[in-house]
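I opened my notebook to look up how this protein is put together. Here is the structure I worked from, followed by my entries.

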Amino acid sequence: MKKPGLLEKLIVAYAVFVIVLLGLAVFLVYVSSRLGNVTADIYYLDQHKKEVTNTLISDLISLEETGKQYLLLQRESYKNLIGEREEAITRAWEYLCLEGVCVRQEEIRGVRRGMEIWGSYLARFHSQLADPPMDPGTLETIFRENSKDMDSMVRVVRLVNAGVLKSLDEKIVFLKGLGEQIRLFTWWALGIAATIGLIIPLLIYKSITNDLVSIRTGIKHIAQGDFSYRIPLYSKDDLGMLAESFNVMSLRLKELDNMKSEFISIVSHELKTPLTSMKEAANLLKEGAVGELNEKQMRFISIMEQGINRLLQMIAELLEMSKLESGMVDLKMEAHEVNDVVSGFISEIQHYAEKKGIHIQVSYLPDGFNVLMDRNKIVRVLTNLTHNAIKYSDDGSVVELRINQEDDQLIVEIEDHGKGVPEEDIPLIFEKFYQSKATRGHSGIGLGLAISKSIVDAHGGKIYAKSTVGKGSTFSFTLPVHPHITADRMHG
């Protein structure tokens, strides 16, 4: 049976998530619609209706008082106020009579009754205003009749107002319940989504990691140089195809490794030996073994000898790099006093520095102590780094070599004040055959720093660089300090 591929597993997971999200989205759209309708009713209908009824009650009471004052005092200013109140009250009654404003039958009947009372009240009130009576008894009768109609209209308006308040309460309760539903549904949706989000990825992860364990085991074998290992994964999914490609790659690497070993053998036996013979022959010619050489011949012999030395150096670096990579070099780890190792190295390179016009300044540890290392290999690292610092420094400048100890590691820094390395080249300078654009054209094939890194890594340390173009570079490496070694400090 064909095993589902990684793509199919991810599609299933995404499909489940999409279904959950769509369900949540549909519910939220429905709830939002309901919420919007209720909110619109509250804002555009109930709230406005409440304001209209409150204002109408106030205007009716005010109209009654203003009418009494006019009938008693007959001032024209009161008549203007009466006209404004009548217009506002009429608009309010007309609004309440609109379709959809009052929905309950009790309210509708009350508003119709109020409109009838208002009409008859206006007709009578206008006749009273046109011919105001002067007799106190008549005025008292008019005031009593008018107050009776006003009380009837105010009762109708208060009935409508009470209905508005009741509707507002009901909608607020509804909104509260809707909020509770939203919260409950959201928690359920989050719980389901979280459960799916945890379970499905775990199932996919378990399915994938079972295959990745086999692939990772194969990678470890390759990293250890065992190119004959094959990954036992024969499924037809994506990881199975990856394992098959890996096995093909492993076979090819085995072939390339054999070719590399054969090349190293050819270099060591077919190139190194004749080059050594050529170097000896050049030395014999310079010493006059075949007769005295003139100045021009000596110059040509020197040029030839320099070329032979460069080829021998390149071959030596290639051989050393190949041995380090393949793990063929066994480190001779012994305890060595750090200051002594650096001091001996300085005495060896001092002549080269003086020849280049460079002064080497060394900062030793105040108290020397032993560090476990392969002395010759660490001296090789010091030689590579310091040689580069001298080579790329200006005449008359200083190269500083500093030794420090921090906690459980020894730190060695070599700083020059030369041209520096561009920032974009820093991560690459320790790669094989890489040469910074700032140093191209100088001797070497870009293996010195790669060899140094391999040696430091083999010691369990780290190597790194900092540089500023035009100001110089600092190359540093660390070595682990072993307590049982450093406990035996040297005091004389």
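Entry 1: I started with M150, which touches L60, L63, E64 and Y121 once neighbours within four places in sequence are left aside; contact means heavy atoms within 4.5 Å. I found M150 in helix α4 (residues 136-223). Helices here are DSSP runs of H or I with at least four residues, strands are runs of E with at least two, and both are numbered from the N terminus. Is M150 buried or exposed? M150 counts as buried, because its relative accessibility is 1%. The scale I used calls a residue buried under 20% relative accessible area, exposed over 50% and partly exposed in between, with a 1.4 Å probe and protein chains only. I also noted that M150 and I117 are 33 residues apart in sequence, while their C-alpha atoms are 8.5 Å apart.

**Entry 2: what I am looking at.** I reminded myself that this is a predicted model, in which local features need pLDDT of at least 70 and side-chain atom pairs count only at pLDDT 80 or more, while totals for chains, interfaces and linings use all residues. Residues are numbered from 1 along each chain as its sequence is written, and side-chain values use heavy atoms, with hydrogens and water left out.

**Entry 3: the overview.** I counted ten helices and seven strands in the protein. Of its 492 residues, 37% are buried. Among contacts with a separation of 6 or more, 72% join residues 24 or more positions apart.

Entry 4: With 26 residues α3 should span 38 Å, and its end C-alpha atoms are 38 Å apart, so the two agree. Its buried residues include V111, I117, W118, Y121 and L122. Helix α2 (residues 76-96) has 21 residues and reaches 31 Å from first C-alpha to last, close to the expected 30 Å. Buried residues of α2 include Y78, I82, I89 and W93. I wrote a reminder beside these lists: an α-helix has 3.6 residues a turn, so residues three or four places apart point the same way.

**Entry 5: α8 and its partners.** I saw α7 (residues 338-355) and α8 (residues 375-391) pack at about 40 degrees, with axes 10 Å apart. The axes are lines fitted to C-alpha atoms, for helices over the stretch in contact, and angles run from 0 to 180 degrees between N-to-C directions. In this contact, residues of α7 including V342, F345 and I349 meet residues of α8 including L382, T386 and I390. By class, the contact has nine nonpolar, three polar and four charged residues. Here Ala, Val, Leu, Ile, Met, Phe, Trp, Tyr, Cys and Pro count as nonpolar, Asp, Glu, Lys and Arg as charged, and the others, Gly among them, as polar.

I then turned to α8 and α9, whose axes come within 9 Å and cross at roughly 145 degrees. Residues of α8 such as K377, V381 and L385 meet residues of α9 including L449, I451 and I455. Just after α9, G460 takes a positive phi of about 85 degrees.

**Entry 6: T386.** I picked T386 in helix α8. T386 is buried because its relative accessible area is 1%. Beyond residues up to four places away in sequence, T386 touches F345, I349, I360, L401 and I414.

**Entry 7: the cores.** Which residues touch the most other members of the largest nonpolar core? I noted L382, L385, L401, L410, I414, I429 and F477, out of 41 residues. Such a core is a set of buried Ala, Val, Leu, Ile, Met, Phe, Trp, Tyr and Cys residues joined through side-chain atoms within 4.5 Å. Leaving aside neighbours within four places, L382 is in contact with V342, F345, H387, L401, V412, I414 and F477. A second, separate core of 32 residues includes V52, L56, Y70 and A92.

**Entry 8: two partly exposed residues.** I found L331 in the loop between α6 (295-326) and β1. L331 counts as partly exposed because its relative accessibility is 26%. L331 is in contact with D374, K377, A458 and H459, neighbours within four places aside. A335, in strand β1 (residues 334-337), is also partly exposed, at 39% relative accessibility.

Terms used
Expected span 1.5 Å × (residues − 1).
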